Amino acid sequence: MPNIKSQKDRMRLSAKQTARNKSARSALRTTLKKANTSIETGEGKDEAVKSAVIALEKAGGKGLIHRKTASRRASRMMKRANKASGE
């Protein structure tokens, strides 16, 4: 346990941020899983993919995941969705 006041504050802040990031990352994963499932089944695909892409862009903008990772995942998802609708 730190003795320095500023370090105590940083530890408290770090714990809050970790909890917030963990929750947001979990929500992102859930959204992506729902979108992938809807692409496979074809039910409500457009709405699910749209919400997943928006979630990815938000996560990339907030620094939850890297910007380019978010962009790449969104691109691949859209590619899969368009391929599934073409069949």
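1. H1 passes H2 in a left-handed crossing. Left-handed here means that the near helix is turned anticlockwise from the far one by less than a right angle; clockwise would be right-handed. Helices are DSSP runs (H or I, at least four residues), numbered from the N terminus.

2. Some ground rules. This is a predicted model, in which local features need pLDDT of at least 70 and side-chain atom pairs count only at pLDDT 80 or more, while totals for chains, interfaces and linings use all residues. Residues are numbered from 1 along each chain as its sequence is written, and side-chain values use heavy atoms, with hydrogens and water left out.

3. How do H1 and H2 pack? The angle is about 150 degrees, and the axes are 8 Å apart. Axes are lines fitted to C-alpha atoms, for helices over the stretch in contact; angles run from 0 to 180 degrees between N-to-C directions. H1 and H2 are therefore roughly antiparallel. The cut-offs are under 35 degrees for roughly parallel, over 145 for roughly antiparallel, 65 to 115 for roughly perpendicular, and oblique for the rest.

4. The H1 side of this contact includes Leu 28, Leu 32, Ala 35 and Ile 39. Among the H2 residues they meet are Ala 48, Val 49, Ala 52 and Leu 56. Contact means heavy atoms within 4.5 Å.

5. Ala 52 deserves a look. This residue lies in H2. At 0% relative accessibility, Ala 52 counts as buried. The scale is: buried under 20% relative accessible area, exposed over 50%, partly exposed in between (1.4 Å probe, protein chains only). Leaving aside neighbours within four places in sequence, Ala 52 is in contact with Thr 31, Leu 32, Ala 35 and Met 77. The C-alpha atoms of Ala 52 and Leu 32 are separated by 5.6 Å, although these residues are 20 apart along the chain.

6. Now H1 itself. H1 has 37 residues and reaches 55 Å from its first C-alpha to its last, close to the expected 54 Å. The expected span is 1.5 Å times one less than the number of residues. Buried in H1 are Leu 28, Leu 32, Ala 35, Ser 38 and Ile 39. Their cover includes H2 and H3. Ala 19, also in H1, is partly exposed, with a relative accessible area of 47%. After H1 comes Gly 42, with a positive phi near 90 degrees.

7. What about H1 and H3? They pack at about 20 degrees, with axes 10 Å apart. H1 and H3 are therefore roughly parallel. This crossing is left-handed. Leu 32, Ala 35, Asn 36 and Ile 39 in H1 meet Arg 73, Met 77, Arg 80, Ala 81 and Ala 84 in H3.

8. Which residues of H3 are buried? They are Thr 69, Ala 70, Ala 74, Met 77 and Ala 81. These cover an arc of only 130 degrees around the axis, which puts them on the same side of H3. The arc is that of the directions from the helix axis to the C-beta atoms. An α-helix has 3.6 residues a turn, so residues three or four places apart point the same way.

9. The face of H3 turned away from the buried side carries exposed residues: Lys 68, Arg 76, Lys 79, Asn 82, Lys 83 and Gly 86. What covers the buried residues of H3 includes H1 (5-41) and H2 (45-62).

Technical notes
Helix = DSSP H or I, 4+ residues; strand = E, 2+ residues; numbered from the N terminus.
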